[in-house]
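Have the model open beside you.

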Amino acid sequence: HGNGSRRGAEAVVRKGEWKGRDAVFKQRVKKGYRLSILDEKLNRERTRREARMLNMAKRAGVKTPFILHADLDRVLLILEHIEGPTGKEVLDGDDEGQKRVLLSELGLSLGKMHEHRLSHGDLTTSNVVAGNDGLYLLDLSLGQMEASDEVLGVDLRLFEEAMLSAHPTCMKLLDSFYDRYKKTCPHSQTIINKCEDIIKRGRYR
C-alpha cells in the first residue's frame with residue numbers, strides 16, 4: 001500500500017494503526033461541485049458498495065484486505081494493510097519469471113471474480129499487491145455485482161488499456177494472464193469475445 005497518504009479522485013488513503021495493527025484508512029472526499037446532500041448519499045453508497053464488493057470477492061475465493069471497521073456516517077473504511085510490492089512494482093522490475101507469476105495469479109483472481117459475475121471496475125497494476133500468502137486485489141469501489149458479459153468485457157478491456165499505458169513492454173507476457181483466466185472462468189470465451197466487440201466498436205466508457 002505504500003507509506004504516507006495518497007489522494008485519489010474519490011478518496012484519501014493513508015496508512016495508520018487500528019487497535020494495535022497496521023491498517024489503511026480510506027476516507028471518501030467531499031466534492032465541492034456536488035450538492036452536499038447528494039454528495040453525502042453518493043459517498044455513503046460507494047463506501048457501502050466497496051465494503052460489500054470486498055466481501056463478495058472474498059467469498060468468490062479472491063484475496064482482498066479484511067475490513068477492520070466501516071463507518072458509513074464518516075464514509076470511512078479501515079482495512080487490513082497488506083505488506084508487499086504492488087503489481088506495478090513487480091512489472092517494473094527485471095525478473096520475467098516473477099512478472100509471469102504475477103500475471104498468472106491476476107488471471108486467476110479476475111477469473112474467479114468474473115465466474116461469480118463480479119467486475120472490479122478499475123483493475124490497474126497499482127490496485128494489486130503481491131502479499132506473502134498470494135495476490136490481493138484492492139479498491140473495488142467501482143465494481144459491480146451481477147455484472148453482464150458487457151460489463152465484464154469492459155473490465156478486461158480497461159485492464160488491457162492500463163497494462164498498455166503503464167507496462168507496454170509486458171504486453172507480450174499477457175498470455176500468462178489469459179491462460180489462467182480461461183482455465184478459471186467457465187464463460188471466459190464469451191467475455192473475451194465481448195471485449196473484442198468493444199474494441200471494434202471503440203466505445204466502452
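Two strands pair if DSSP finds at least two bridges between them, and strands (E, at least two residues) and helices (H or I, at least four) are DSSP runs, numbered from the N terminus. This is a predicted model, in which local features need pLDDT of at least 70 and side-chain atom pairs count only at pLDDT 80 or more, while totals for chains, interfaces and linings use all residues. Residues are numbered from 1 along each chain as its sequence is written, and side-chain values use heavy atoms, with hydrogens and water left out.

Q: How do you know that strands E2 and E3 pair?
A: Strand E2 (residues 11–18) and strand E3 (residues 21–28) share 8 bridges in the antiparallel sense, and pairing asks for at least two. One example is Arg-14, whose bridge partner in E3 is Phe-25. The hairpin of E2 and E3 has 2 residues between the strands, and Lys-19 there takes a positive phi near 50 degrees.

Q: What makes E3 and E5 a pair?
A: E3 and strand E5 (residues 76–80) are joined in the antiparallel sense by 5 bridges. Gln-27 has Leu-76 of E5 as its bridge partner.

Q: Why is Thr-47 called buried?
A: Thr-47 has a relative accessible area of 2%, so it is buried (buried means under 20%, exposed over 50%, partly exposed in between, with a 1.4 Å probe and protein chains only). Thr-47 lies in helix H1 (residues 36–59). Leaving aside neighbours within four places in sequence, Thr-47 is in contact (heavy atoms within 4.5 Å) with Arg-28, Leu-72, Val-75, Leu-76 and Leu-77.

Q: Why does Leu-158 count as partly exposed?
A: Leu-158 has 23% relative accessibility, so it falls in the partly exposed class. Leu-158 is found in helix H4 (residues 149–166).

Q: Why are H4 and H6 called roughly perpendicular?
A: The axes of H4 and helix H6 (residues 188–201) cross at roughly 70 degrees and come within 8 Å. Angles of 65 to 115 degrees count as roughly perpendicular, under 35 as roughly parallel, over 145 as roughly antiparallel and the rest as oblique, so H4 and H6 are roughly perpendicular to each other.

Q: What residues make the contact of H4 with H6?
A: Among them are Leu-152, Val-154 and Arg-157 of H4, and Ile-191, Cys-195 and Ile-198 of H6. The residues of this contact divide into 8 nonpolar, 2 polar and 6 charged.

Conventions: Axes fitted to C-alpha atoms, helices over the stretch in contact; angles between N-to-C directions. Nonpolar A, V, L, I, M, F, W, Y, C, P; charged D, E, K, R; others polar.
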